[in-house]
Amino acid sequence: VDGFEIHRPETPVAKPLSASKAATSEPKSRETLPFQPLGQMNVLVVAPDIVAVQPDMAMLRSFGAEVRWTRDEREVVDLYARAAVDLVLIDARWPEERGYRICRTLAHHPAKSHVPIIMVAADLRPIERARSAYAGSQGLMRWPITEQQVIERVPPAVAYRKPVPAR
C-alpha cells in the first residue's frame with residue numbers, strides 16, 4: 001500500500017526435528033509455544049525425584065513458566081517464603097504423607113496465602129481429591145501432567161485463591 005508500512009511482529013515457529021535427532025534415545029526438548037498460558041509465572045515443583053518430573057517441567061517451560069524443583073521440606077518453605085512464587089505443584093506420591101504435610105504447611109503460611117497450590121497424584125479418586133482439598137490445595141492433577149490439565153486447571157486456581165483460615 002502506498003505510503004504505509006505493514007509491521008508484523010515475528011512469532012516463534014516450532015521447527016520439525018530432523019530424522020537423525022528424532023531417532024536418538026535422548027529426551028526431546030520442547031519448543032516454546034507461541035501461545036503461553038502460564039506467561040512468566042514462577043512455578044515451584046516439589047517432588048522426591050527430579051528424573052520423574054523432568055518431562056513435566058519441560059512442558060511447563062514450553063508454556064512460558066520459570067520452573068524450580070526441590071525435594072527438601074525446609075528448602076520448600078524457604079523458597080516459598082522468600083522467592084517470587086506464583087504457583088506450587090506438589091507430588092502426592094511421597095512416602096509417609098510428606099506431600100500433604102508440605103501442602104498444609106504452605107497453605108497456612110501467613111505471608112503467601114494468595115499463592116495457589118495444586119497437588120499432583122497418580123490417580124484422581126474422590127479420596128485423593130478430598131485429601132488434597134483438606135491439605136489446602138486449590139486443585140488436583142494427574143501424573144503425568146498434560147497440556148490440557150495445565151490449560152484447564154491452572155488459570156482457575158490462579159484467578160481464585162481463597163485464603164485458608166488459621167487452625
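This is a predicted model: local features need pLDDT of at least 70, side-chain atom pairs count only at pLDDT 80 or more; totals for chains, interfaces and linings use all residues.
## What covers helix α3

Which residues of α3 are the buried ones? They are V76, L79 and Y80. Their arc around the axis is only 100°, so they end up on the same side of α3.

Turn to the face of α3 that points away from this buried side, and you find the exposed residues R74 and R82.

## The chain as a whole

Now a step back for the overall layout. The chain has 6 helices and 5 strands, and from the N terminus on the elements run α-β-α-β-α-β-α-β-α-β-α.

Of the 167 residues, 35% count as buried. As for contacts between residues at least 6 apart in sequence, 63% of them join residues at least 24 apart.

## α3 against α4

Back to α3, this time with its helical neighbour. Helix α3 covers residues 73-82 and helix α4 covers residues 98-107; their axes come within 11 Å and cross at roughly 30°. Angles under 35 degrees count as roughly parallel, and α3 and α4 are therefore roughly parallel to each other. The crossing of α3 past α4 is right-handed.

Which side chains or backbones do the touching here? From α3 come E73, V76, V77 and Y80, and they meet R98, R101, I102, T105 and L106 of α4. Sorted by type, the residues of this contact are 5 nonpolar, 1 polar and 3 charged. Two of the α3 residues in the contact, V76 and Y80, also belong to the buried set of that helix.

## α4 and its other partners

How is the burial of α4 arranged around the helix? The buried residues are G99, Y100, I102, C103, L106 and A107. Looking down the axis of α4, you would see them fall within an arc of 160°, so they line one face of the helix. They pack against β1, α3, β3, β4 and α5.

The α5 contact can be spelled out too. Helix α5 spans residues 126-135, and it packs with α4 at an angle of about 35°, the axes being 8 Å apart. On the α4 side the residues are Y100, C103, R104 and A107, and they meet E128, R131, S132 and A135 of α5. That contact divides into 4 nonpolar, 1 polar and 3 charged residues. Y100, C103 and A107 take part in it and are among the buried residues of α4.

The loop between β3 and α4 deserves a look at its backbone. Most residues other than glycine have a negative phi, and most peptide bonds are trans. E96, which is found in this loop, has a positive phi of about 60° although it is not a glycine. E97 lies in the loop between β3 and α4 as well, and its phi is near 60°, again a positive value in a residue other than glycine.

Are these two residues buried or exposed? E96 is exposed, with a relative accessible area of 69%. E97 is partly exposed, at 40%.

P144 lies in the loop between β5 (139-142) and α6.

P144 is also one of the contacts of Q149, a residue of helix α6 (residues 147-159). With residues up to four places away in sequence left out, Q149 touches M141, R142, P144 and V154. Its relative accessibility is 8%, and since buried means under 20%, Q149 counts as buried.

## V53 in α2

V53 has its place in helix α2 (residues 50-62) and counts as buried, at 1% relative accessibility.

Terms used:
Residues are numbered from 1 along each chain as its sequence is written. Side-chain values use heavy atoms; hydrogens and water are left out. Axes are lines fitted to C-alpha atoms, for helices over the stretch in contact, and angles run from 0 to 180 degrees between N-to-C directions. Helices (H or I, at least four residues) and strands (E, at least two) are DSSP runs, numbered from the N terminus. Angles under 35 degrees count as roughly parallel, over 145 as roughly antiparallel, 65 to 115 as roughly perpendicular and the rest as oblique. A crossing is left-handed if the near helix is turned anticlockwise from the far one by less than a right angle, and right-handed if clockwise. Contact means heavy atoms within 4.5 Å. Ala, Val, Leu, Ile, Met, Phe, Trp, Tyr, Cys and Pro count as nonpolar, Asp, Glu, Lys and Arg as charged, and the others, Gly among them, as polar. Buried means under 20% relative accessible area, exposed over 50%, partly exposed in between (1.4 Å probe, protein chains only). The arc is that of the directions from the helix axis to the C-beta atoms.
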